[in-house]
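Here is a short briefing on a two-chain model. Please look over the sequence and the fold before reading on.

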Amino acid sequence: MTFGNQGPILGNTNPYGGSSPINRLVSAFHMLPGIGPRSAQRLAYHVLRSPASEAQELASALLDVKENIILCESCQNLAIKSPCNLCDDNGRSQDLLCVVEEPLDVVAIERTGDFKGNYHVLHGVIAPRSGVGPEDLKIDELMKRLRSSGDTIKEVILATNPSTEGEATALYLAQLIHSLDLKVTRLARGLPTGSDVEYADIDTLGRALEFRHEI
Amino acid sequence: MSSRGPRVYSTRAIVLGQREFVEAAKVITILTPDAGKQDSVAKGILKPKSRLAGHLEPGTYCDLELAVARNLDIIREAQTISRFRSSQQNLMRLTTLVYVLELVDKYTVDGTGSDLFEPLLVTLERLDRGTNLSAVVHGFELTILEITGFRPSLDQCIHCLSIVDSVQANWSQDGGGIVCGSCVSVIPDTGLIESRVLKVLRAYQSWPFEESARIAIDSNLEGQLSRVMHGLMKAFAERDIKSADLLEEISWRTELSNG
């Protein structure tokens, strides 16, 4: 795949030529995660068919996030000010800190409405195969935050994904945080709503049995 | 996989890694006993109700059914045989698991490495049982080097081939073995290797695992063994092995926290 003027993403059948604005837009959409060449084409043609005001709004929104979004110096989440609204909210429980991989995980947990503590975003997980080590994550910031909190933070919830890399990161963090004498917990694991027991992997099913609860 | 073969085939596999692909799909790198290392596609794996997701995590030993496709074969079904759960719950063992997977990945190219399948499987099982970690990991490193044609010379001088006493040995990382006193001036970048480090490496290379696993290894000796072997693995792979650094850091931290 090439971007911009370097070559056609539409292949040899591209009727617009490598440097056409349409091809450039398709290439730009294709750079986004989860967008394949066909989806990129569909999106580009949708933009083409839309009124100019919608395209301007899209372009302005893209520039806006790049220019105005910063990292909250406390939780490292994406924000328009620092400290962010979540860290500034005195109604939230200050003794609970939930550590997540990505900003979108904060959105997902907030959607549940069940968590009223604070967050810390790592911006990734330890993934040696991709060249990501602990030094590439916001772990130093987390440890600094925990050390400077005094007795305020009582429990750290490790909410990294239940993947091999997520588990490795959680175990790594647990080892660091235990030295501060804080309670460290991990999100429970079990069967997702609407899934089939028959198709569950043995690890998930095993943990679901291990952490079963009385009803 | 050749397009002339069957359209659908089954195989045992060990998952070496995953990477993002288009839409909700991921490219899964697997090692199989027949085809060696290969990339294949798991469609829809990022969707919450995917029936593949839990079965294709790195380090999983599984049964797969794949459909032959023009570029990358497509995983149609996956069933975990073992996830090596004990290893997943211990930082040192999990990092070692990640390290051995990275070694296999770095020492193979697509379509090679089928002869590493059984040694890797045995290593993951030993790791899960928590047997002598030093013997498991360094034994596997030496096996990989042997199978890929980089067997280090631990008894003979790499230059003159004379038998070298372990007390007077020098070590050449780039040469992949020991150097005798007479040849040390002609081999660049040699350093001394401690006698007991060399003795343990010789045991890991030539003794049956059950015997070499009985050798008592203290943390100082393990640190030296790791440095020698990690250096050797990086030198022959000709690229960085990131999880080796992580493994050393975690060993150091674990040692610190254990006092």
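In chain A of this predicted model, strand β5 (residues 155-158) and strand β6 (residues 183-186) run parallel and are joined by four bridges.

**Strands around β5 of chain A**
- Together, β5(A), α7(A) and β6(A) form a β-α-β unit, and its hand is right.

**Contact between the chains**
- Chain A brings 26 residues to the contact, and chain B brings 29 residues.
- On the chain A side, α7 (164-178) and α8 (202-210) supply at least two residues each.
- The top contributor on that side is α7(A), with six residues.
- By class, the side of chain A that touches chain B holds ten nonpolar, twelve polar and four charged residues.

**Domains**
- Chain A splits into domain 1 (4-68) and domain 2 (90-210). Their C-alpha centres are 36 Å apart.
- Chain B splits into domain 1 (8-83) and domain 2 (86-257). Here the C-alpha centres are 29 Å apart.
- Within chain B, 17 residues of domain 1 contact 16 residues of domain 2.
- On the domain 1 side of that contact, β1, β2 and β3 (36-42) of chain B give at least two residues each.
- β3(B) has the largest share of that side, four residues.
- That side of domain 1 of chain B has seven nonpolar, six polar and four charged residues.

**Helix α3 of chain B**
- Just after α3(B), B:Gly130 has a positive phi of about 80 degrees.

- Most residues other than glycine have a negative phi, and most peptide bonds are trans.
- The peptide bond from A:Ser82 to A:Pro83 is cis, with omega near 0 degrees. A:Pro83 is in the loop between β2 (78-79) and α4 (85-88) of chain A.
- A:His123 has a positive phi, near 65 degrees, and is not a glycine. Its place is the loop between β4 (118-121) and α6 (139-148) of chain A.
- A:His123 counts as partly exposed because 17 other C-beta atoms lie within 10 Å.
- B:Leu161 is not a glycine either, yet its phi is positive at about 65 degrees. B:Leu161 sits in the loop between α4 and β6 of chain B.
- B:Leu161 has 12 other C-beta atoms within 10 Å, so it counts as exposed.

**Two further residues of chain B**
- B:Arg202 is part of helix α5 (residues 195-206) of chain B. With 16 other C-beta atoms within 10 Å, B:Arg202 is partly exposed.
- Leaving out residues up to four places away in sequence, B:Arg202 touches B:Leu154 and B:Asp155.
- B:Arg202 and B:Leu124 are 78 residues apart along the chain, and their C-alpha atoms are separated by 22 Å.
- B:Thr148 is in the loop between α4 and β6 (170-172) of chain B. Is B:Thr148 exposed or partly exposed? It is partly exposed, because it has 16 C-beta neighbours inside 10 Å.
- B:Thr148 and B:Thr108 are 40 residues apart along the chain, with 8.5 Å between their C-alpha atoms.

Methods
Residues numbered from 1 in each chain as written. Chains lettered and ligands numbered in written order. Predicted model: local features only at pLDDT ≥ 70, side-chain atom pairs only at ≥ 80, totals over all residues. Contact = placed C-beta atoms within 7 Å. Nonpolar A, V, L, I, M, F, W, Y, C, P; charged D, E, K, R; others polar. Pairing = 2+ DSSP bridges. Right-handed = clockwise from strand over helix to strand, strands pointing away. Domains from an automatic or database assignment. Buried ≥ 20, exposed ≤ 12 C-beta atoms within 10 Å, placed from the backbone.
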